[in-house]
Protein chains: 4
Amino acid sequence: MNNIPFKGVIAYPVTPFNNAEKVDIPLFKKQVERLVAAGCHGIAPLGSTGVLPYLTDEEKEAVTIATIEQVAHRVPTLVGVSNLTTQKTIHHAQFAEKAGATAVMIIPMSYWKLTDSEIIQHYDAVASKISIPIMVYNNPATSGVDMSPALLKQLLEIPNITMIKESTGDVQRMHFLRKTLGEAVAFYNGSNPLALAAFAAGANGWCTAAANLIPELNIALYDAVQNGDLHEARRLFYRQVNLLKFIVAKGLPRSIKAGLTLLGVEGGEFRSPLKPLSQDEIAELSHILDEVKGAVTA
Amino acid sequence: MNNIPFKGVIAYPVTPFNNAEKVDIPLFKKQVERLVAAGCHGIAPLGSTGVLPYLTDEEKEAVTIATIEQVAHRVPTLVGVSNLTTQKTIHHAQFAEKAGATAVMIIPMSYWKLTDSEIIQHYDAVASKISIPIMVYNNPATSGVDMSPALLKQLLEIPNITMIKESTGDVQRMHFLRKTLGEAVAFYNGSNPLALAAFAAGANGWCTAAANLIPELNIALYDAVQNGDLHEARRLFYRQVNLLKFIVAKGLPRSIKAGLTLLGVEGGEFRSPLKPLSQDEIAELSHILDEVKGAVTA
Amino acid sequence: MNNIPFKGVIAYPVTPFNNAEKVDIPLFKKQVERLVAAGCHGIAPLGSTGVLPYLTDEEKEAVTIATIEQVAHRVPTLVGVSNLTTQKTIHHAQFAEKAGATAVMIIPMSYWKLTDSEIIQHYDAVASKISIPIMVYNNPATSGVDMSPALLKQLLEIPNITMIKESTGDVQRMHFLRKTLGEAVAFYNGSNPLALAAFAAGANGWCTAAANLIPELNIALYDAVQNGDLHEARRLFYRQVNLLKFIVAKGLPRSIKAGLTLLGVEGGEFRSPLKPLSQDEIAELSHILDEVKGAVTA
Amino acid sequence: MNNIPFKGVIAYPVTPFNNAEKVDIPLFKKQVERLVAAGCHGIAPLGSTGVLPYLTDEEKEAVTIATIEQVAHRVPTLVGVSNLTTQKTIHHAQFAEKAGATAVMIIPMSYWKLTDSEIIQHYDAVASKISIPIMVYNNPATSGVDMSPALLKQLLEIPNITMIKESTGDVQRMHFLRKTLGEAVAFYNGSNPLALAAFAAGANGWCTAAANLIPELNIALYDAVQNGDLHEARRLFYRQVNLLKFIVAKGLPRSIKAGLTLLGVEGGEFRSPLKPLSQDEIAELSHILDEVKGAVTA
């Protein structure tokens, strides 16, 4: 299936800013390189972790180009192009395609809660203007709208909408998708603490920012699942679960940047109003990281 | 209190678009004129009703200028300047002040749920750059973050933050604010179906898009409350409550534009992905409007 | 309307236990007497405050008889007869009628969430076996089932179901009832912190345990509302709101018994697992009571 | 560990009533026999499925005795003894122990939301009066109180509290228990649609009413998990998931009795207000059962 280019661990790089709160493209490229070198199966810039909605159009374009240049076809790329208006979403989707992205990810951003009909028209309008595949992203916590399984099923009837990323944190959504749409449906888990449950349920991949900190554990979990080895998958999941919960609880950009610093990697500054974790939170993360990393070598 | 320039019915105009989905400034000015002429006590462009987040920076500036020109100091103006980033919020707040706005309204827009500390820094940064008063707007349904009464209390310590608009739909928040902060606190109701309960609780004003359709009933309710006449206030509230519920349930921009058309007033088109109400919904609104308007003359 | 025997402040006595956790009927009668003497407009034993579900059948019967004897027709009585099974509900409703109760209150207790059809059959079965009026009580927080306004409307078609008590804490339910069912519908507020909003919305009465502690303030609020005096109603509400919030937050039986002790009135012990408030909570209540009582004389 | 007597599929029999709504003990014994004969690993009478709270004390005792007689030590028995009052809970727990139950299950039934301290005292009081192990049951949807993982951890420090049944439907609770308490903690899944996720997370057993209808599939899923065979476990889970979702959505007693009838097994009548499924619901269940059963032989 050419239209389902992703599987395994799809890594979300952070967007680093400099002291003047400008995007630092050279540092961003280093982030991307780390993820590819670590063996991640896909790279997804301009996601929640990459603070997409806080960037200007020009910055989004620069990040898109930087990703595609740096990845250089080693793995597929999934570029976030979501926008409140249909017109801008089309603009960024077309830009990503032209720049060489493998696929685009689109969440139905909402200020006014969109009706099902508006959501369908929105995706349809974008899908008709590009020819690369689209991953539909459901995350009511950030988009303000919860797409029902029935609506997701309808969206999958649009030709180049071929993948679904679910981040509601409810593993039963995945059961429904798989049960209703058949084993061929490609669904991806975006809820880190559900990594084991989602893979058990048959998720094709795991969209995660955790790969910035513990790619080896993320990938090992996926491998155990592929081998059908439940005991090993469970063991690996419990090794990393505390970190997965922490980064979600504290916010991905804040947690990942703090984690990178703890690992001795430069992750850049924030754009206001987002701020770094507090010293107490950093100490807690440090403790969790030590535990998780220690566990690997043990 | 010079710093609390609003009371009564603060009207939210829609932003009209033309067939090419561009903002129609001349038509917008007509909307503003209708609201002022109807006796509304304040005009609030670039709110939720005015689809602020769907507009470009240039469009926001044009709408700001158009409002201030058209209102021409007849009533105070409250310009929405909320933005995801602190820098852009400052930019728009400064623009509004320079253009002559009486005050600005700021909701802590969030993609990543902001911490209390980030929210305080955000407001503080903006407040320090302007000298006109700020109305803090709490509406978790659109902002993604629910500011606790304790946090709101802290924000009121920033000098030019002098007003709070509450749209959680929980009248007990208003009780808390009034009880904790004393009778001097200026709070405004942004939840239309709570109009009576909020005025009973002592709200200074009612921020409403309903004034586009039934300004005479909105104002009459405020007047009854000012006179301390509970029976008349109750009677007036029940005359309009069905309309208030409808416009909230269906989304303000969609409902108000449909209502304007039913009243023979041009309200302009939408910007995608937002679409007009369905024919069935318009028929329902027509029935409600007839009932409400009939009640007035009865 | 003979079938709507309640208005004003309907007081809920606590059920006192002795040291052996047995119901103390003589002490219970003193509670009832205090409430009648204070001018409450109705007495409602065996409610949530009276820990109905923690009592045996025999205890419920003894409390019913004690109430009716003590009240001696001075004000109407509203006896709680709710039970998980239809058969037992009928039993207690018939007992209350025979004992001389003015009306009974019934909440659809649920372990298994009841369907609308089951709820209707339940009320219908009970209503057909008694001839005194029934107050339907909606309180999803304790019953586990939230009766929609549409279902409540249906229940009101059963002849002797003539009153509705709403405790969802959502004043909009009351708007709907009044708007849909007309001014004749008798609805009662069971959510203490909503006392002002509910009266503003036209509630016939206020079902409250607060009358054990501050009956004079509860009654004064009702009187102000009857006089249509919104400013006085608001003033009286803000005088008592902190107490209203406290007793709800901490649980009515615990809070009321602690308050009685603070007022020098014997309220009896608890039945396990319910326990008294902690010392810190009692200190907080003491402070609130002082403030509220002080306010009265000020 | 002698104190953890359960693993695998713990089956919940329904309580059958006759036409006069009396408990039918001989028919109940047939239900128990079917479950034991089918290979279930434990029998749990007087649970939610067995409509515990709708029964009189005498009926509860008769059902307890009938279960223990019929099971005759072939598998362990887990008797539900939950009650609103501590005294009655002790009474039933002692009765169950004397009658020969292997263990008892206790949910903190709440009318008044219990504080953590009240919950601890409640369990402690019961635990000190019996010597068989206790399974603590967390199910906020029916008990009205959600025990936090921290509280559950505290309860496990009481000597004969050795097992936890989680029915919140949130698999992350199980992750927390296992991660915090170590691999030795015995936790059981009570949320049917989470069967796969819970077993993947390391649950010791599955408390389920589904075993009345598809014991072979429930047991096969457990076996696949024991073998660490994720692919087979996933296949088996998807075969039964539609049935698991249906029985939860429609209520276990109603669904299981309808399913028994469809399978040609007598399940008895209901006690009001509970009523049978509608004809449409029964048709839907029939379709699901055909599909699931067909899948087994295919």
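1. Chain A and chain B of this predicted model bury about 2800 Å² between them, and carbon and sulfur atoms account for 62% of that area. On the side of chain A, the residues that lose the most area to chain B are Tyr111(A), Trp112(A) and Pro273(A), which together make up 30% of what that side buries. The size of an interface is often given as the accessible area lost when the parts come together.

2. The contact between these two chains involves 28 residues of chain A and 28 residues of chain B. Between chain A and chain B there are 16 residue pairs in polar contact, with both residues at pLDDT 80 or more. Helix 4 (116–127) and helix 11 of chain A each contribute at least two residues to the side of chain A that touches chain B. Sorted by class, that side of chain A holds twelve nonpolar, eleven polar and five charged residues.

3. The number of salt bridges between chain A and chain B is two. One salt bridge is formed by the side chains of Arg254(A) and Glu118(B), with an N to O distance of 2.5 Å. Arg254(A) belongs to helix 11 of chain A and is buried there.

4. The symmetry of the assembly may be considered next. Chain A is superposed on chain B by a rotation of 180° with 0.0 Å of shift along its axis, at an RMSD of 0.0 Å. The two copies are thus related as by a two-fold rotation axis. Gly144(A) is the residue of chain A that comes closest to the rotation axis, its C-alpha lying at 3.8 Å. Of the interface residues of chain A, 100% are also interface residues in chain B, so the copies meet through the same surface.

5. Other chain pairs are without contact. Chain A and chain C do not touch, and their closest C-alpha atoms are 21 Å apart. Chain B and chain D likewise have no contact, with their nearest C-alpha atoms 21 Å apart.

6. The buried residues include Leu252(A), Pro253(A), Ser255(A), Ile256(A) and Leu260(A). Just after helix 11 of chain A, Gly264(A) adopts a positive phi of about 80°.

7. Asp57(A) is located in helix 2 (residues 57–71) of chain A. Leaving aside residues up to four places away in sequence, Asp57(A) touches Lys88(A) and His92(A). With His92(A), the side chain of Asp57(A) makes a side-chain polar contact of 3.4 Å.

8. In chain B, Asn83(B) sits in the loop between strand 3 (78–80) and helix 3 (86–99). Its relative accessible area is 13%, so Asn83(B) is buried. The side chain of Asn83(B) reaches the backbone nitrogen of Thr85(B) at 3.2 Å. Not counting residues up to four places away in sequence, Asn83(B) touches Lys60(B), Lys88(B), Thr89(B), His92(B), Met109(B) and His122(B).

9. Most residues other than glycine have a negative phi, and most peptide bonds are trans. In chain B, the peptide bond joining Ser272(B) and Pro273(B) is cis, with omega about 10°. Pro273(B) is found in the loop between helix 11 (252–262) and helix 12 (279–297) of chain B. A cis peptide bond also joins Ser272(D) and Pro273(D), with omega about 10°. Pro273(D) lies in the loop between helix 11 (252–262) and helix 12 (279–297) of chain D.

10. His73(C) is not a glycine, yet has a positive phi of about 65°. This residue is placed in the loop between helix 2 (57–71) and strand 3 (78–80) of chain C. With a relative accessible area of 73%, His73(C) is exposed. In chain D, His73(D) has a positive phi near 65°. His73(D) is in the loop between helix 2 (57–71) and strand 3 (78–80) of chain D, and at 74% relative accessibility His73(D) counts as exposed.

How values were computed. Residues numbered from 1 in each chain as written. Chains lettered and ligands numbered in written order. Predicted model: local features only at pLDDT ≥ 70, side-chain atom pairs only at ≥ 80, totals over all residues. Heavy atoms only, no water. Least-squares fit on C-alpha atoms with pLDDT ≥ 70 in both. Contact = heavy atoms within 4.5 Å. Buried < 20%, exposed > 50% of the residue type's maximum accessible area, 1.4 Å probe, protein only. Helix = DSSP H or I, 4+ residues; strand = E, 2+ residues; numbered from the N terminus. Buried area = accessible area lost by both parts, 1.4 Å probe. Salt bridge = Lys/Arg side-chain N within 4 Å of Asp/Glu carboxyl O. Polar contact = N/O pair within 3.5 Å; in protein donor to acceptor, adjacent residues only side chain to side chain. Nonpolar A, V, L, I, M, F, W, Y, C, P; charged D, E, K, R; others polar.
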